[in-house]
Amino acid sequence: MENSDLESVAQEVFAALADPSRRAILAELAAGGPATATDLAAKVPITRQAVAKHLTLLAEAGLVVAEPGERRRVRYRLDSAPMKVAQQFLAALARDWDGPLAALRDHLG
């Protein structure tokens with residue numbers, strides 16, 4: 001994956017994680033496993049319609065995957081791959097900062 005692709009995936013992940021409702025939905029999926037929008041709405045303080053909108057955005061960012069179930073019910077499960085890309089992006093950014101910050105600390109100290 002090219003650096004620009006990594007940055008694009010990371011940007012989508014960070015945008016998705018910026019909303020507290022989406023973070024709550026991800027936390028519920030992490031704790032309880034795959035769930036429907038109705039299941040999730042019973043556990044987070046927002047409506048089922050809001051949960052569905054947030055799930056669409058999380059799916060676009062690749063953080064959840066929709067899996068068709070019985071009686072046309074869709075269950076959502078986590079996909080950690082985009083989160084790992086975002087972690088790699090942050091680790092690279094931290095490495096880029098470590099050298100200059102150490103040099104500045106040495107210069108000032």
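Leaving aside neighbours within four places in sequence, L55 touches I25, A37, L40, V64 and Y76, where contact means heavy atoms within 4.5 Å. What we have here is a predicted model, in which local features need pLDDT of at least 70 and side-chain atom pairs count only at pLDDT 80 or more, while totals for chains, interfaces and linings use all residues. Residues are numbered from 1 along each chain as its sequence is written, and side-chain values use heavy atoms, with hydrogens and water left out.

L55 also belongs to the largest nonpolar core, which has 19 residues. By a nonpolar core I mean a set of buried Ala, Val, Leu, Ile, Met, Phe, Trp, Tyr and Cys residues joined through side-chain atoms within 4.5 Å. Buried stands for under 20% relative accessible area, exposed for over 50%, and partly exposed for what lies in between, with a 1.4 Å probe and protein chains only. Inside this core, V51, L55 and L58 have the most contacts. Two or more residues come from each of α1 (3-17), α2 (20-32), α3 (37-41) and α4 (48-60). These elements are DSSP runs numbered from the N terminus: helices are H or I with at least four residues, and strands are E with at least two.

Let me turn to the packing of two of these helices. The axes of α2 and α4 come within 10 Å and cross at roughly 80°. That makes α2 roughly perpendicular to α4, a label for angles of 65 to 115 degrees; under 35 would be roughly parallel, over 145 roughly antiparallel, and the rest oblique. The axes are lines fitted to C-alpha atoms, for helices over the stretch in contact, and the angles run from 0 to 180 degrees between N-to-C directions. On the α2 side the contact is made by S21, R22, I25 and L26, and on the α4 side by V51, H54, L55, L57 and L58.

Next, the aromatic rings. The structure holds one aromatic pair. The rings of F14 and F89 have centres 6.2 Å apart and planes at 55°, so the pair is tilted. Rings of Phe, Tyr and Trp (its six-membered ring) pair if their centres lie within 6.5 Å; planes under 30 degrees apart count as stacked, over 60 as edge-to-face and the rest as tilted. Because F14 lies in helix α1 and F89 in helix α5 (residues 81-108), the pair ties together parts that are 75 residues apart in sequence. F14 is partly exposed at 33% relative accessible area, and F89 is partly exposed at 21%.

How many salt bridges does a search of the whole structure find? There are two, each being a side-chain nitrogen of Lys or Arg within 4 Å of a carboxyl oxygen of Asp or Glu. One joins the side chains of R73 and D39 at 3.9 Å, N to O. This pair links distant parts of the chain, with R73 in the loop between β1 (64-68) and β2 (74-78) and D39 in helix α3, 34 residues apart. R73 is partly exposed at 35% relative accessibility, and D39 is partly exposed at 30%.

The side chains of R77 and E67 also meet in a salt bridge, at 2.5 Å, N to O. Here R77 sits in strand β2 and E67 in strand β1, 10 residues apart. Both are partly exposed, R77 at 31% and E67 at 30%.
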